[in-house]
Amino acid sequence: MTPALEPLRRIAAYAVTTDDEGRVLLVRASPRSGTPGVWSLPGGAVDHGEDPNHTVVRETAAETGLSVAVSGLRDVLADMRSLPQRGVTIHTDRLVYEVTVRGGTLCDRIGQPTDLARWHTLAEAETLRLRPFTAAALGLPAASADLRPEEVPDFPSFYAYEGPDGLHRAQRFAAYAIATDPAGRVLLTRVAAGYPGAGCWHLPGGGTDYGEQPGTALIRELVEETGQHGRLLDLLGVASHRDAASLGPEGYPIDWHGVRAFYRVAVDHPAPVVVGDVGGSTSEARWFSHEDLATLKPDELTEVTAEALHAAKL
């Protein structure tokens with residue numbers, strides 16, 4: 001039986017890179033890690049306020065000795081694993097990037113969570129013990145090397161804690177939709193009074209639950225916020241924004257770091273728009289034609305909405 005463990009959440013970023021021979025770069029977990037001897041993509045936790053693009057460059061350099069440049073976003077995955085020896089269960093939202101090598105020399109490490117970095121063909125990688133997210137990112141089958149909790153812990157999608165400066169801080173992962181109907185209209189929601197960005201138009205979506213995949217969370221949030229049933233099409237990008245003294249319904253400043261994946265979603269059969277989250281962060285939802293969108297001023301949109309509409313070429 002899995003003992004009662006403290007639930008934790010984190011966001012992490014990883015690199016998929018290949019050399020001229022088509023081999024992929026992997027790192028091996030050392031005895032200091034929770035899964036010694038298991039191989040994974042290079043990468044690690046996103047620091048508070050850090051752009052995940054910077055995380056993947058920093059972590060790849062630390063774990064492999066190579067300098068890389070991000071060339072694109074490959075996937076966003078989530079998983080849970082239990083580490084009884086540390087007394088914790090961790091939910092990790094993993095951002096997987098395509099990167100290219102700029103230079104450096106491959107190196108091994110001593111006394112760190114990873115100890116080896118090696119190039120492997122996909123056929124060789126398939127014979128290794130791989131972390132499940134690494135196998136999924138590479139399109140390989142793999143038996144899970146992780147111990148999963150028997151039940152999903154009860155843990156809020158938003159959790160503020162006191163930082164080293166005494167100011168409360170929160171890092172939150174969320175999924176949002178560029179949702180369109182057969183007429184090409186775009187569905188937006190308005191942020192309710194008392195929440196950061198109050199009065200601005202925002203994307204439907206929100207924070208993912210513990211143990212929940214981002215795509216699943218997004219379709220659930222779309223129904224809860226607007227009454228629309230959508231079909232996930234593709235991942236458009238990831239936005240990272242920090243507000244060092246955000247003010248919301250908590251009533252005190254929070255150093256807020258939001259990492260948001262945004263997806264293209266088709267609403268094939270639009271229903272009457274109904275805001276189900278009464279009294280929550282959404283006060284209104286409506287469809288916008290392309291002409292309507294063009295009339296919105298920059299200060300009428302949240303940052304992630306403006307970024308996602310640009311990525312969708314709307």
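T105 is in contact (heavy atoms within 4.5 Å) with T64, G65 and L66, leaving aside its neighbours within four places in sequence. The residue is found in the loop between strand 6 (88-104) and strand 7 (114-120), where helices (H or I, at least four residues) and strands (E, at least two) are DSSP runs numbered from the N terminus. At 61% relative accessibility, T105 counts as exposed; exposed means over 50% relative accessible area, buried under 20%, and partly exposed in between, with a 1.4 Å probe and protein chains only. T105 and S67 are 38 residues apart in sequence, and their C-alpha atoms are 8.8 Å apart in space.

The model is predicted: local features need pLDDT of at least 70 and side-chain atom pairs count only at pLDDT 80 or more, while totals for chains, interfaces and linings use all residues. Residues are numbered from 1 along each chain as its sequence is written, and side-chain values use heavy atoms, with hydrogens and water left out.

Y97 lies in strand 6. With a relative accessibility of 3%, Y97 counts as buried. Not counting residues up to four places away in sequence, Y97 touches A13, Y14, A15, V16, P52, N53, V56, V70, G72, L73, R74 and V238. One of these, A13, is 84 residues from Y97 along the chain, with 7.3 Å between the two C-alpha atoms.

D181 is found in the loop between strand 9 (168-180) and strand 10 (186-191). This residue counts as buried because its relative accessibility is 8%. A polar atom of the D181 side chain lies 3.0 Å from the backbone nitrogen of A183. Leaving aside neighbours within four places in sequence, D181 is in contact with V267, P270 and W287.

T302 is placed in the loop between helix 5 (290-295) and helix 6. Its relative accessible area is 13%, so T302 is buried. The side chains of T302 and H202 make a polar contact at 2.8 Å; such a contact is a pair of N or O atoms within 3.5 Å, and within protein one atom must be able to donate a hydrogen and the other to accept it, with residues adjacent in sequence counted only if both atoms are side-chain atoms. Apart from neighbours within four places in sequence, T302 is in contact with V191, C200, W201 and H202.

K313 lies in the segment after helix 6 (303-311). At 77% relative accessibility, K313 counts as exposed. Its phi is near 60°, a positive value in a residue other than glycine. Most residues other than glycine have a negative phi.

For the protein as a whole, the secondary structure comes to six helices and 15 strands. The radius of gyration, taken over C-alpha atoms, is 21 Å, which agrees with the value near 20 Å that a compact globule of 314 residues would have; the globule rule is 2.2 Å times the number of residues to the power 0.38. Along the principal axes, the C-alpha atoms fill a box of roughly 55 × 45 × 35 Å. Of the 314 residues, 48% count as buried. Among contacts with a separation of 6 or more, 72% are accounted for by residues 24 or more positions apart. The protein exposes about 14,500 Å², of which carbon and sulfur atoms supply 52%; the accessible areas come from the Shrake-Rupley method with a 1.4 Å probe, and for residues only the protein chains shown count as cover.
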